[in-house]
Amino acid sequence: MAVVNNCKLPEDLHYSVEKHVWARWDGELVTVGMTDVAQNMAKSIIAVTPKAAGKAVKKGRNIATVESGKWVGPVPAPVSGEIAEVNENLVATPGLINSDPYGAGWVARLRPDNWDADAADLVSGADGVAAYRQFLDAEGISCGG
């Protein structure tokens, strides 16, 4: 796992850098969550309201609304598709995004319409880490210790 400006960024994920969401493609479904950067900027997550499973979503449209003590905002879909599953544990324990954003804190799983086409503008691996480094440096963002 790469660490950039004290933010954890696993190289095996696909990122929408400006939207601070990650996607993990498993060959059938895409698991989506908020990055370590997002949870650090939002601070303590107090509520997560996901869209319902079975709902079709377009890339960039929200799959959930997240609320913290200082912010309310969307978790945008990195690809178009159908919401196959939502993380019900996250509804009960929203702080999972803070404690484990890449594991237990995942938000939803999507059945993508066209992964290859939609994922073309997502970044991963060394390129993803480099893109995030450039963004964080340009915005003056770092994660807490």
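Predicted model: local features only at pLDDT ≥ 70, side-chain atom pairs only at ≥ 80, totals over all residues.
Modeller: Local features require pLDDT of at least 70 and side-chain atom pairs pLDDT 80 or more, while totals for chains, interfaces and linings use all residues. Residues are numbered from 1 along each chain as its sequence is written, and side-chain values use heavy atoms, with hydrogens and water left out.

Colleague: Why is the link of Cys7 and Cys143 called a disulfide?

Modeller: A disulfide is a pair of cysteine sulfur atoms within 2.5 Å. The sulfur atoms of Cys7 and Cys143 are 2.0 Å apart, so the pair qualifies. The count by this rule is one disulfide.

Colleague: What makes Tyr15 and Tyr132 an edge-to-face pair?

Modeller: Rings of Phe, Tyr and Trp (its six-membered ring) pair if their centres lie within 6.5 Å; planes under 30 degrees apart are stacked, over 60 edge-to-face, and the rest tilted. For Tyr15 and Tyr132 the centres are 5.6 Å apart and the planes 85° apart, so the pair is edge-to-face.

Colleague: Why does Tyr15 count as buried?

Modeller: Buried means under 20% relative accessible area, exposed over 50%, and partly exposed in between (1.4 Å probe, protein chains only). Tyr15 has 1% relative accessibility and therefore counts as buried. Tyr132, with a relative accessible area of 0%, is buried.

Colleague: Why is the pair of Trp22 and Tyr102 called tilted?

Modeller: The centres of Trp22 and Tyr102 are 6.0 Å apart, and their planes make 55°, so the pair is neither stacked nor edge-to-face but tilted.
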